[in-house]
Amino acid sequence: MSSIDGTPLSSPSKIQSPTQPIEAPLPDTPKHKNRVIPPDVLIRIFRYVPVHSLANIALVSRRFKVLAYDDEIWDEKLQIMRDNDTGALTNMLDKEETGSLIDSENSIYINNKPLNTLIPGMSTDPYSARARAKSTGQSRELFRQLYQQLLPYYTDLRDGNKESTKVLKDYGGKPEDCGRILNMLVGFGQCHVVDDWMILNEGINALSQYFESASLHQFEVAYDTNNMKDMKMYASALVSLNGGSTCMQTYVQKHPIFYDNPFKPEDNFVDSPDDLSPFKKLMLLITEELKQQSSVVYEVFPEKMDAFYMFADRVFEDVIAEFVAQLLSRAMSFDTHLYLRTMSVILSCTKKVINVLTSEDIPKNIEQDRGVNLLFKLFLPFLDDYLYEELNYAERVTKDSINEWNNRSIRNNDISTRVTNQSRETFKRNYLAAFKKVITLPVDLVSTAATTIASPFQRANVTVKEEVKPPSASTSSSLISNKEKNNQPSDKQSSQNSQNNGKDANIQLESARQELDMLQNYISLEISLQLIHINKEAERRVQEFISIGFPGRMKLDIQRTYEQIFVQLLKNLGTLHIQPGFDSASARLSSYKPSNDEDVPPLTEFFELVHVADVIQQMIQLYYDEEITKNIDKFDFLNDVNKEKKTFERLLDDCVAHGMDQGIQILIVQVEYILSHEQNKEDYNPATGVVTELKPTKACQDVIKCLKTNTSMVMGAAEKGTMDLFFSEIGRRFFEILCKHLKSQTVNEVGGFRYISDMNAYYDFIVTLRQKTITPYYLALKSLANLYIIESAADIKSLIHDLERYQGLMKIDDLFEFAACRSDWPVIKRVVQKDMTDCCIM
């Protein structure tokens with residue numbers, strides 16, 4: 001029989017039985033003779049060998065002795081004891097340097113002899129591949145000392161009688177030392193130093209529980225009798241045993257502050273909506289109790305236990321947090337604004353508690369960052385809801401205030417209440433100066449006039465000459481919030497000064513607002529001021545959270561809310577209040593019909609609107625500079641606040657530019673109407689023998705008055721570039737209609753003198769606009785007026801062809817059109833136009 005590959009198969013009698021053992025090669029065969037177990041593997045094996053067996057392993061060979069004495073084995077056992085240590089071994093182990101006998105160098109020395117000389121025939125050192133630091137043997141020596149000290153107490157537990165064990169006999173009168181020994185025995189047992197370590201470990205655990213119960217009982221007895229000495233002794237024993245967690249729990253549970261709170265959340269908001277006196281009293285009680293406990297903890301508990309922080313943490317978690325949760329829920333059931341104010345009060349009171357805990361005035365304080373951590377854990381469950389409500393409330397109140405003002409039915413159309421440009425500028429300066437003082441005051445010192453929505457036209461019938469009376473003493477005192485009345489006696493003087501400053505600033509702002517009421521038809525300074533103060537109140541509440549310095553996501557959420565509150569103010573103020581106001585003014589401008597009156601009411605209203613908008617923009621800028629930039633980098637052009645502020649300014653500029661374009665059109669139409677209806681034919685072409693006055697005509701005077709009245713109102717309402725563009729456009733368009741009007745007139749020699757008077761008057765007015773690009777056009781008209789007082793046709797012809805007199809701004813055709821307005825033009829026409837009509841055939 002053969003196999004597939006052709007090799008013969010063995011006979012069945014020679015096939016081995018499955019149960020028959022297979023012959024294995026001997027270990028000393030050449031194939032395995034030089035095989036050596038790597039040192040890493042040997043040390044890993046030795047780590048699981050019982051301690052008493054390692055001594056026998058060291059006797060096998062010098063090589064095994066090197067590995068058995070290696071610090072890696074003993075470091076691991078010391079680390080096991082260190083993991084269960086409460087402080088007894090830490091200082092001792094930290095002072096020792098541990099390492100490995102095996103060096104990273106090729107030559108290894110033991111007792112000043114190279115390892116190769118100790119092991120003959122070893123040409124290369126296989127241990128050098130481990131590349132560990134040189135072993136000192138200190139770890140083994142240290143463990144040997146612990147072994148000799150603890151083994152008698154450990155093996156004594158085989159009897160099972162924990163009350164008569166050797167540990168209690170030797171250290172029963174010294175609870176702290178007894179706890180330390182028991183703690184070391186627990187770690188020692190986990191090193192598996194004997195074969196029956198499982199049984200002995202059960203015994204040591206039972207003994208530790210027995211000792212813990214007895215010490216805890218004695219601690220409670222000492223607590224009830226206020227025996228600080230015994231409390232400290234047994235607390236130290238429990239700390240040495242297992243860290244003292246059960247001791248701290250007992251200490252906390254027995255303190256009356258955790259179960260006997262004299263104040264309830266429902267006691268708040270009883271006398272008034274802002275009544276939080278029960279909560280404030282609770283925080284004062286907690287503060288005083290924490291001060292007292294600082295002294296007790298300092299005397300009783302070891303410093304390493306960190307007992308005061310654990311006690312304060314439990315107070316914040318079990319007392320304050322529970323009270324705050326119910327208080328905020330109750331506040332929210334009444335009103336969102338009450339909820340937000342309550343949150344601000346809670347933050348203020350808890351910050352005061354943390355300031356006490358972190359101060360150096362108490363025997364045992366906590367670090368500043370750990371105090372912040374207490375606040376972080378307290379407010380973490382409530383912060384998301386608070387930030388959402390803060391942002392929504394600010395936006396909702398802003399929109400409601402704007403809508404209420406937009407839906408008013410009163411409009412100030414009394415022209416007698418309008419103020420002059422000089423008075424307007426004075427009012428603006430006074431208002432902004434008062435606003436700058438008020439914006440820097442605390443929110444609770446701001447006048448109620450700035451936070452209560454009222455009609456901005458309640459004084460619409462006040463004339464300019466009427467004296468504005470300051471608020472009476474009773475009224476002024478009512479404008480000051482009563483929140484500062486509860487300050488401590490040491491703060492009374494500073495509180496009184498702050499109230500006086502707030503009172504003076506509020507009176508100034510109220511008086512300036514009364515004066516500017518007459519400028520408000522489409523947008524309101526009062527509404528803008530109220531919205532800024534609403535915004536400032538919300539921002540300052542959020543700013544209190546920013547000042548704490550919460551970490552991580554909470555910090556980002558708080559900062560984002562702070563920015564969005566200001567962003568929504570700009571959006572709503574711009575799109576819901578200012579832009580609709582300009583749209584209404586522009587619509588009224590477009591529907592205006594010209595009349596003989598030099599005053600154009602829609603245009604006047606628009607220019608007043610521009611002034612009010614300019615004041616609002618300056619108010620926003622002041623608010624931004626004084627408050628918002630405290631937490632915003634003004635140079636960060638990618639920041640949402642800075643981007644929205646630029647958008648707001650562009651919106652305002654666009655509204656002003658669009659309205660001014662329409663205003664210019666209306667003004668020019670009005671001027672054209674005055675010229676066409678008031679300019680008589682006899683003004684420039686009087687009858688023979690009529691003596692005329694050498695002064696501007698009535699039409700000229702009315703036109704200049706109309707232009708001057710309306711352009712003077714816009715002075716200072718916008719930046720210089722915008723004003724220059726506005727004035728130059730007026731000058732350009734007025735020149736066009738004036739030329740058109742003059743070309744339709746008939747002028748004789750006598751009327752030419754009045755013509756010159758009118759041109760001089762127009763020129764003098766244009767000079768006041770200070771537009772160098774427009775002034776030459778009117779200077780050319782002055783020069784052109786001489787056409788009508790020259791008798792000689794040849795001189796007229798020369799004057800027309802002298803284009804340098806008109807600075808190149810007049811074309812020959814235009815000059816002939818003006819010359820055609822002469823009453824004697826049919827007579828002199830052929831002479832004047834001779835060069836243009838005669839031709840010569842060569």
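This tour moves through the structure one selection at a time and states what each selection shows.

**Before selecting anything**

The model is predicted: local features require pLDDT of at least 70, side-chain atom pairs count only at pLDDT 80 or more, and totals for chains, interfaces and linings use all residues. Residues are numbered from 1 along each chain as its sequence is written, and side-chain values use heavy atoms, with hydrogens and water left out.

**The whole protein**

Of the 842 residues in the protein, 47% are buried. Here buried means under 20% relative accessible area, exposed means over 50%, and partly exposed lies in between (1.4 Å probe, protein chains only).

Switching to a surface view, the reader sees an accessible surface of about 42,900 Å², of which carbon and sulfur atoms supply 51%. The areas come from the Shrake-Rupley method with a 1.4 Å probe, and for residues only the protein chains shown count as cover. Among contacts between residues at least 6 apart in sequence, 78% join residues at least 24 apart; contact means heavy atoms within 4.5 Å.

**Helix α9**

Select residues 175–189. This is helix α9, whose 15 residues reach 21 Å from first C-alpha to last, close to the 21 Å expected at 1.5 Å a residue. The expected span is 1.5 Å times one less than the number of residues. Helix α9 is largely enclosed by the rest of the structure, because 12 of its 15 residues are buried. Among them are Pro175, Cys178, Leu182, Met184 and Phe188.

Asp224 lies in helix α10, and its partner Lys254 lies 30 residues away, in the loop between α12 (245–253) and α13 (277–300). The two form a salt bridge whose closest N and O atoms are 3.2 Å apart. A salt bridge is a side-chain nitrogen of Lys or Arg within 4 Å of a carboxyl oxygen of Asp or Glu, and the structure holds 32 of them. Asp224 is exposed at 56% relative accessible area, whereas Lys254 is partly exposed at 26%.

Next, display the rings of Phe219, Tyr223, Tyr251, Phe258, Phe301 and Phe311, which form one aromatic cluster. A search of the whole structure finds 27 aromatic pairs. In the pair of Tyr251 and Phe301, the ring centres are 5.3 Å apart and the planes stand at 80°, so the pair is edge-to-face. Tyr251 is in helix α12 and Phe301 in the loop between α13 and α14 (307–334), 50 residues apart. Rings of Phe, Tyr and Trp (its six-membered ring) pair if their centres lie within 6.5 Å; planes under 30 degrees apart count as stacked, over 60 as edge-to-face and the rest as tilted. Tyr251 is buried, at 1% relative accessible area, and Phe301 is buried at 5%.

Select Glu390 and Arg541, which form a salt bridge with closest N and O atoms 2.6 Å apart. Glu390 belongs to helix α16 (residues 368–406) and Arg541 to helix α20 (residues 525–548), 151 residues apart. Glu390 is buried at 0% relative accessibility, and Arg541 is buried at 6%.

Thr398 also lies in helix α16 and is buried at 2% relative accessibility. Beyond its neighbours within four places in sequence, Thr398 is in contact with Leu531, Gln568 and Asn572.

Now select residues 552–590, helix α21, whose 39 residues should span 57 Å at 1.5 Å a residue; the end C-alpha atoms are 55 Å apart, which agrees. Centre on Gly574, where α21 bends by about 35°, the bend being the angle between axes fitted to the seven residues ending there and the seven starting there.

**Two final stops**

Lys698 and Asp702 meet in a salt bridge of 2.7 Å, N to O. Both lie in helix α25 (residues 698–712), 4 residues apart, about one turn of the helix. Lys698 is exposed at 53% relative accessibility, while Asp702 is buried at 15%.

Finally, select Asp661, Glu729, Arg732, Arg733 and Glu736, which are linked in a network of salt bridges.

Key
Helices (H or I, at least four residues) and strands (E, at least two) are DSSP runs, numbered from the N terminus.
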